[in-house]
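Keep the viewer open as you read.

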Amino acid sequence: MPALTLLATPRYQVPPPTCHNLEWAHLQIIDLSQADTLDGRARLARQVRDAMVTTGFFYIINHGYTLAQNSRITDIADVVFEQVNLKEKEAYVSQPKVTGSYQGYKLRSYWHVDNGVRDQIENYNMNRDPNKREHPEALRPFLPELAEFARFNHFQVLHPVLRLMALGLELPENYLVDIHNFDSKGETYVRFMKYYPRTDEDEERSKNVWLKGHTDFGSVTILWSQPVSALQILSPDGKWRWVKHIDNALVINAGDCLEFLSGGFYKATIHRVIQPPPDQRQYNRLGAFYFAMPDDDVKLNPIMESPVLQREGVHDRFRPHNIETVAVEDWRKARTAAYGQSKLTTGVQAGTEEEVLNGVVVKHYT
């Protein structure tokens, strides 16, 4: 396959990492280059399983994408926000409440954060096959590179991670891979996301929270690590801890779909985004993500073939309420349409707010 011709684009000026000594989360580091052998996968599967049942997050290094390639994607990501005017963005805006899909732009102030404060975040979301819909003119020359980026995330990161997670459940290696097909109907997508600094008033009214604590609704989220510290995870001891930047590393976490399929053994991990530390508050925060979901027709039943689930027991969030298990398509559409738009009620658990979707209580953490 011939190499792609790289078109010129302005270089994004990556901010420096924070100098503050924050309370960092201690996360496993998975060296994906060791997954080439059976013994290596067995060893990594134990590490991933340990991470998934404790913090729910881990890093991946040596994944095969170079720092130069990573920087190139960051440059392209910024094109979406800085080389497309507002009028054109509005022409490609998503309609999540209508379609249950984020494909296209999510402009600033769409999500309600707290106390009347709305978000200062822009997203651009594209299907893993970017040729399925049109894109802003400035982005079109880069579609071949973005198609390659999506395939890399899917086949060189997602699938190897799913194999390790399947082994952790003592399932055949490709069990989870086989329900995460690249060409099947589904919503797995690339997201570029840019956070802009907010006013002091908004920071005070929202207690410095930019996105409330939540779980992702898919199966696996791949975040390409970037240096502006703002992501926090809710640790098992109930404390919020910061996720530290590692150059060219990936940050991996599980979402609702994986929790449902694993009967609660792999828990969807709670995380939030808050105001960066003082030495980074003047910078925008630009990130690239790959949000993976099972194929749309997959039923979110616990995988009872797993010997681990047979031994450990199952927490099925649908059955206690005598609710028929939903398919992935129904779950993702409900979560997408509701996020940042629903009126939340005070939760039973302290520090939470709740909404009910498809009969399942979805918690948001304040």
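Which residues do ring pairs link into a cluster? They are Y65, F149, F152 and W224. Keep in mind that this is a predicted model.

Searching the whole structure gives 14 aromatic pairs. Take F289 and F291. Their ring centres lie 5.5 Å apart, and their planes meet at 15 degrees. Planes under 30 degrees apart count as stacked, so this pair is stacked. F289 and F291 are both buried.

Now turn to the helices. Helix α1 covers residues 38-53, and helix α5 covers residues 143-168. The two pack with their axes 8 Å apart, at an angle of about 80 degrees. Angles of 65 to 115 degrees count as roughly perpendicular, and α1 and α5 therefore fall in that class. Which residues make the contact? From α1 come R41, L44, A45, V48, R49 and M52. From α5 come L164, M165, L167 and G168. Sorted by class, the contact of α1 with α5 has seven nonpolar residues, two charged and one polar. The polar one is G168, because Gly is counted as polar here.

Last, the cysteines. How many disulfides does the structure hold? The number is zero. Is C19 buried or exposed? Its relative accessibility is 73%, so C19 counts as exposed. C257 has a relative accessibility of 1% and therefore counts as buried. The cut-offs are under 20% for buried and over 50% for exposed.

Note on methods:
Residues are numbered from 1 along each chain as its sequence is written. This is a predicted model: local features need pLDDT of at least 70, side-chain atom pairs count only at pLDDT 80 or more; totals for chains, interfaces and linings use all residues. Side-chain values use heavy atoms; hydrogens and water are left out. A disulfide is a pair of cysteine sulfur atoms within 2.5 Å. Buried means under 20% relative accessible area, exposed over 50%, partly exposed in between (1.4 Å probe, protein chains only). Axes are lines fitted to C-alpha atoms, for helices over the stretch in contact, and angles run from 0 to 180 degrees between N-to-C directions. Helices (H or I, at least four residues) and strands (E, at least two) are DSSP runs, numbered from the N terminus. Angles under 35 degrees count as roughly parallel, over 145 as roughly antiparallel, 65 to 115 as roughly perpendicular and the rest as oblique. Contact means heavy atoms within 4.5 Å. Rings of Phe, Tyr and Trp (its six-membered ring) pair if their centres lie within 6.5 Å; planes under 30 degrees apart count as stacked, over 60 as edge-to-face and the rest as tilted.
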